Amino acid sequence: MKTSLIYGLYLALAGLVLNLILFFAGFHSLEKFGTGQWIGGVVGLILAVAFIALGTKARRDEIPATENFGYGRALGTGLMISVFSCLFGIVTNFLYTRVINPGFREVIIQAQSAKMDGKGVSAAQIERMETFMRSPLGAVLNVVFVIIGAMIVCTIISLITAAIFKRPAVVNQPPMAV
């Protein structure tokens, strides 16, 4: 559990560093928001694969070779890394959106409004969406949907890494007499 906790923390901190880089590079502004989302998504996926794979391998290396580190155990490790990453991610994202970049939520709302306007959605519907997104319930639902999305992606990554890092137990058998 300690390994999963540590790698989950590393993944959440790497996500925070990525957000800081995007922020200081100007990609968390309305003008560059789409590009920033794309870069954040691709780099975030790479980070998730790397930390889940490294954490699963580290956990496998902790288990003696005489013990089985099968698919289920490897998958469980990847999923625990994902859960801890999401929990720590809530904290790091709260820190980012409330302390470091408190205007980021407004950038997201404006980007969504512009996207909906481009699709021909009525001004009244856009206004209702903006009002909802600014409400506390909208913020909570946003966090819930982000966590669900992250867990789905991390589960898929964990399924793949478990297949790669599973290891059967090495059984020492006495040599056969000839």
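A crossing of two helices is called right-handed if the near helix is turned clockwise from the far one by less than a right angle, and left-handed if anticlockwise. The crossing of helices α1 and α2 is right-handed. The model is predicted: local features need pLDDT of at least 70, side-chain atom pairs count only at pLDDT 80 or more, and totals for chains, interfaces and linings use all residues. Residues are numbered from 1 along each chain as its sequence is written, and side-chain values use heavy atoms, with hydrogens and water left out.

**Helix packing**

Helices are DSSP runs of H or I with at least four residues, numbered from the N terminus. Helix α1 covers residues 2-24 and helix α2 residues 33-62; their axes come within 9 Å and cross at roughly 160 degrees. Axes here are lines fitted to C-alpha atoms over the stretch in contact, and angles run from 0 to 180 degrees between N-to-C directions. Angles under 35 degrees count as roughly parallel, over 145 as roughly antiparallel, 65 to 115 as roughly perpendicular and the rest as oblique. The helices α1 and α2 are therefore roughly antiparallel to each other.

Helix α2 also packs against α6, at an angle of about 40 degrees and with the axes 10 Å apart. That makes α2 and α6 oblique to each other. Their crossing, too, is right-handed.

Gly8 belongs to helix α1. Is Gly8 buried or exposed? With a relative accessible area of 0%, Gly8 is buried; the classes are buried under 20%, exposed over 50% and partly exposed in between (1.4 Å probe, protein chains only). From C-alpha to C-alpha, Gly8 lies 8.9 Å from Gly89, although 81 residues separate the two in sequence.

**Salt bridges**

The whole structure holds six salt bridges, each defined as a side-chain nitrogen of Lys or Arg within 4 Å of a carboxyl oxygen of Asp or Glu.

| Pair | Distance, N to O |
|---|---|
| Arg60 and Asp61 | 3.9 Å |
| Arg73 and Glu67 | 3.6 Å |
| Arg134 and Glu106 | 2.5 Å |

The side chains of Arg134 and Glu106 meet in a salt bridge. This pair links distant parts of the chain, 28 residues apart, with Arg134 in helix α5 (residues 123-134) and Glu106 in helix α4 (residues 104-118). Arg134 is partly exposed at 37% relative accessible area, and Glu106 is partly exposed at 33%.

**A nonpolar surface patch**

Tyr71, Val140, Val144, Phe145, Ile148, Ile152, Ile156, Leu159, Ile160 and Ile164 form a nonpolar patch on the surface, with about 920 Å² of accessible area together. Patches are built from residues with over 30% relative accessible area and no salt bridge; nonpolar side chains (Val, Leu, Ile, Met, Phe, Trp, Tyr) are joined within 5 Å, like charges within 9 Å. Areas come from the Shrake-Rupley method with a 1.4 Å probe, and for residues only the protein chains shown count as cover.

Which helix gives the largest share of the nonpolar patch? Helix α6 (residues 136-165) does, with nine residues. Tyr71 lies in helix α3 (residues 71-100) and is partly exposed at 33% relative accessible area.

Key. Helix = DSSP H or I, 4+ residues; strand = E, 2+ residues; numbered from the N terminus.
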